[in-house]
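Visitor: I would like to learn how to read this model, feature by feature. Please give the general idea each time, then the case.

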Amino acid sequence: MSGKIVATENLDLPFESAGQVKSVLVKEGDKVSIDQLLTSQDTAQLYTQLAEAKAGIDLEEAKLNQLLAGVSPEDIKISENKVTSAQQDLNNAYENSITVLDKAYSVTYNVSTAVIYLQNNYFSSSDQEGVKVNENRNIISQNLSDAKIYLDQAKNSYSDHDINMAIIHMIGDLNSSYNALSIIRDQCDLGIYYSRVSSADKSSLDTHKTNINTALTNVKSSNQDISNYKISLQKAENELAFKKAPARQSDIRVFEAQINQAKASEQNILVQLKKKQIRSPISGVITKVN
């Protein structure tokens with residue numbers, strides 16, 4: 001007795017997407033069982049991406065654990081040392097500013113002395129030039145008095161506030177004294193004073209103008225140093241406060257979201273890997289390998 005066997009179910013099993021076939025594990029006539037791997041495409045790149053995704057999950061979980069554990073005592077100590085160092089730098093800058101202010105005051109004092117000498121020797125009359133020299137000599141004298149008041153207060157209290165006030169006033173007084181001295185110097189080249197005032201005294205006034213400019217630059221530089229060290233101290237204090245503070249719920253949620261995102265990426269790659277394989281959905285016999 002003879003007959004023909006007919007399969008009760010025929011299945012075509014194609015890949016879901018185009019790609020390079022890496023391996024074919026069966027041939028025609030082979031018996032296969034449910035979920036047996038039949039063939040697969042090249043998945044090297046996907047496995048690399050999968051490894052990167054797993055590493056990303058591990059990294060984000062490690063960050064979250066570190067956040068929850070808090071900063072180590074060693075790290076806190078390092079930040080405390082930074083605060084101490086920044087505070088000392090600021091203190092040194094304030095101390096140095098006193099020296100700079102002293103020198104600037106001396107420059108203004110010398111300018112005032114030189115102008116008094118100039119007025120007494122050349123501009124004692126009440127002509128237009130003499131009036132201007134007298135007016136600006138008074139301005140310089142007032143600047144000298146103002147600078148001394150605030151400098152003495154700063155040296156007596158040594159408080160940051162008083163030193164800051166002394167710096168502000170010294171900058172204003174130096175600017176004002178420079179302008180007044182420039183006007184006085186101009187009078188030396190007008191009318192009869194052009195030949196009356198000696199070249200040496202004119203040169204002396206020019207030197208005093210240069211000295212005021214130098215002193216002004218030094219005071220401004222000292223003020224900038226203080227500002228910079230204040231910023232550095234604030235940063236160090238903020239860093240220390242941040243390290244000592246407990247983990248915020250908002251930060252925890254950020255890390256949790258990043259972990260979930262990394263896990264979603266991992267799952268997406270696993271789905272793509274599955275699409276690169278053909279597994280038998282039933283038990284049967286391979287009738288054709290195309």
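Visitor: Which residues is Leu-240 in contact with, leaving aside its neighbours within four places in sequence?

Guide: Contact means heavy atoms within 4.5 Å. Leu-240 is in contact with Ile-76, Ser-79, Glu-80 and Val-83, once neighbours within four places in sequence are set aside. Leu-240 sits in helix 6. The C-alpha atoms of Leu-240 and Asn-81 are separated by 9.6 Å, although they are 159 residues apart along the chain.

Visitor: What should I know about the model and its numbering?

Guide: This is a predicted model, where local features need pLDDT of at least 70, side-chain atom pairs count only at pLDDT 80 or more, and totals for chains, interfaces and linings use all residues. Residues are numbered from 1 along each chain as its sequence is written, and side-chain values use heavy atoms, with hydrogens and water left out.

Visitor: Is Leu-240 buried or exposed?

Guide: Buried means under 20% relative accessible area, exposed over 50%, and partly exposed in between, with a 1.4 Å probe and protein chains only. Leu-240 has a relative accessible area of 13%, so it is buried.

Visitor: How many helices and strands does the protein have?

Guide: Helices (H or I, at least four residues) and strands (E, at least two) are DSSP runs, numbered from the N terminus. The protein has 7 helices and 5 strands. Their order from the N terminus is β-β-β-α-α-α-α-α-α-α-β-β.

Visitor: Where does Ile-226 lie, and what does it touch?

Guide: Ile-226 lies in helix 6. Leaving aside neighbours within four places in sequence, its contacts are Leu-90, Ala-93, Tyr-94, Ser-97, Asn-164 and Ile-167. Ile-226 has a relative accessible area of 1%, so it is buried. Take the pair Ile-226 and Ser-97: 129 residues apart in sequence, 8.5 Å apart in space, C-alpha to C-alpha.

Visitor: At what angle do helix 2 and helix 6 cross?

Guide: Axes are lines fitted to C-alpha atoms, for helices over the stretch in contact, and angles run from 0 to 180 degrees between N-to-C directions. Helix 2 and helix 6 cross at roughly 165°, and their axes come within 8 Å. That makes helix 2 roughly antiparallel to helix 6. Angles under 35 degrees count as roughly parallel, over 145 as roughly antiparallel, 65 to 115 as roughly perpendicular and the rest as oblique.

Visitor: Which hand does the crossing of helix 2 and helix 6 have, left or right?

Guide: A crossing is left-handed if the near helix is turned anticlockwise from the far one by less than a right angle, and right-handed if clockwise. The crossing of helix 2 and helix 6 is left-handed.

Visitor: How do the residues of the contact of helix 2 with helix 6 divide?

Guide: Ala, Val, Leu, Ile, Met, Phe, Trp, Tyr, Cys and Pro count as nonpolar, Asp, Glu, Lys and Arg as charged, and the others, Gly among them, as polar. The contact of helix 2 with helix 6 has 24 nonpolar, 10 polar and 10 charged residues.

Visitor: How do helix 2 and helix 3 pack?

Guide: Helix 2 (residues 73-122) and helix 3 (residues 128-157) pack at about 155°, with their axes 10 Å apart. That makes helix 2 roughly antiparallel to helix 3. The crossing of helix 2 and helix 3 is left-handed. Among the residues making the contact are Tyr-105, Val-111 and Val-115 of helix 2 and Ile-140, Leu-144 and Leu-151 of helix 3. The contact of helix 2 with helix 3 divides into 13 nonpolar, 5 polar and 4 charged residues.

Visitor: What does His-208 touch?

Guide: His-208 touches Asn-110, Val-111, Ala-114 and Leu-181, not counting residues up to four places away in sequence. His-208 is in helix 6 (residues 199-244). Its relative accessible area is 13%, so His-208 is buried.

Visitor: Is Lys-202 buried or exposed?

Guide: Lys-202 is buried, at a relative accessible area of 10%. Lys-202 is placed in helix 6. Its contacts beyond four places in sequence include Arg-185, Asp-189 and Tyr-194.

Visitor: What is phi of Tyr-158?

Guide: Phi of Tyr-158 is near 55°, a positive value in a residue other than glycine. Tyr-158 lies in the loop between helix 3 and helix 4 (160-187). Tyr-158 has a relative accessible area of 43%, so it is partly exposed.
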